[in-house]
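Let's take a walk through this model together, starting with the overall fold and ending at the ligand. Keep the 3D view open as you read.

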Amino acid sequence: MNDVLQLTGVSKTYGKGGPAPVEVLSSIDLRVARGEVVALVAPSGAGKSTLLHIAGLLDTPDSGQVLLRGRDMTGLPDKARTEARRAELGFIYQFHHLLPEFSAAENIVLPQLANGTPARAAQARAADLLDRVGLGHRAAHRPAELSGGEQQRVAFCRALANGPALLLADEPTGNLDPDTSDRVFDVLMALVRETGLSALIATHNHDLAARMDRVIRLKEIVA
Ligand SMILES: Nc1ncnc2c1ncn2[C@@H]1O[C@H](COP(=O)(O)OP(=O)(O)OP(=O)(O)O)[C@@H](O)[C@H]1O
């Protein structure tokens with residue numbers, strides 16, 4: 001099994017059975033291979049976030065299957081889905097969602113502690129990740145003391161803290177100005193390549209999408 005993520009026939013309608021159902025995904029088939037970085041491009045409202053939430057086990061499809069590293073996640077109880085999410089997946093959002101009262105390093109340490117990593121090892125990993133994104137000297141700073149691009153680089157480190165198999169990113173540089181977005185995206189790609197990670201990255205930015213291994217246009221994969 002070489003696919004890290006496999007979606008088969010995934011459909012989702014919000015408000016199903018109600019007066020105004022919204023069919024968002026219809027029979028989506030999508031694969032991300034090991035080590036592959038895939039761009040997900042679609043017009044606003046086409047369902048990128050919905051698809052990422054389903055792939056990220058934060059939401060369930062009405063029908064179809066979600067396989068992570070060959071394991072069928074469909075129908076698993078919430079506890080098993082939470083464990084799989086913690087062990088296999090890293091998330092990056094448009095806004096960093098860092099915890100404001102904790103330092104950059106602590107924001108990267110905390111998810112590791114929640115995953116059972118001993119404190120010393122978690123701190124060493126946080127320091128190593130921050131070095132890799134050029135923020136080793138800002139480890140003790142809180143998010144409010146960092147620029148937008150720096151905050152997002154810390155969020156990348158946090159997403160990779162537990163060594164996920166798959167990174168899911170929703171407009172990871174979408175709230176940054178174009179120059180910062182380019183530079184921060186370079187850092188993200190370097191980090192992903194260094195760690196041999198697979199990634200599914202939603203973006204409106206066609207230039208960024210073109211730099212990934214493959215581009216999926218959501219409209220085109222609707223059956
Ligand atoms: N809980 C919900 N109930 C009803 N409709 C919803 C719900 N969540 C999302 N939608 C609708 O589903 C469609 C897809 O939403 P989604 O957020 O997945 O799109 P998107 O492609 O990520 O959009 P954007 O690029 O603007 O963030 C939109 O029309 C949205 O209004």
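The paragraphs below go from the whole chain to its sheets and then to the ligand.

This is a predicted model, in which local features need pLDDT of at least 70 and side-chain atom pairs count only at pLDDT 80 or more, while totals for chains, interfaces and linings use all residues. Residues are numbered from 1 along each chain as its sequence is written.

The protein has 8 helices and 9 strands; these are DSSP runs numbered from the N terminus, with helices being H or I of at least four residues and strands E of at least two. With 223 residues, a compact globule would have a radius of gyration near 17 Å, and the protein agrees at 17 Å (taken over C-alpha atoms; the globule rule is 2.2 Å times the number of residues to the power 0.38). Its C-alpha trace spans about 50 × 40 × 35 Å along the principal axes. Of the 223 residues, 40% count as buried, that is, with 20 or more other C-beta atoms, placed from the backbone, within 10 Å of their own.

Now find the open sheet of 4 strands, which has the order β2-β1-β4-β5 with antiparallel pairing (two strands pair if DSSP finds at least two bridges between them). Its edge strands are β2 and β5 (71-72), each pairing on one side only. Inside the sheet, 5 bridges join β1 (residues 3-14) to β4 (residues 63-68), and Ser11 stands opposite Ser63 in β4. Helix α1 packs on this sheet, touching β1, β2 and β4, where contact means C-beta atoms, placed from the backbone, within 7 Å. The direction of α1 makes about 125° with that of β1; axes are lines fitted to C-alpha atoms, for helices over the stretch in contact, and angles run from 0 to 180 degrees between N-to-C directions.

How many residues of strand β3 (residues 37-41) are buried? The count is 5 of the 5, so β3 is largely enclosed by the rest of the structure. Val37, Ala39 and Val41 point one way, and Val38 and Leu40 the other. In a regular strand the side chains alternate between the two faces of the sheet. Strand β3 runs parallel to β8 (residues 198-202), joined by 4 bridges, with Leu200 as the partner of Val38. Another 4 bridges pair β3 with β9 (residues 214-217), also in the parallel sense, and there Arg217 partners Val41.

Finally, look at the ligand. Its surroundings include Tyr14, Val22, Gly45, Lys48 and Thr50, a residue being near if its C-beta atom, placed from the backbone, lies within 6 Å. Both β2 (22-33) and α1 (48-55) supply at least two residues of this shell, and α1 gives the largest share, 3 residues.

Technical notes
A residue is buried if 20 or more other C-beta atoms lie within 10 Å of its own, exposed if 12 or fewer, and partly exposed in between; C-beta atoms are placed from the backbone. Two residues are in contact if their C-beta atoms, placed from the backbone, lie within 7 Å.
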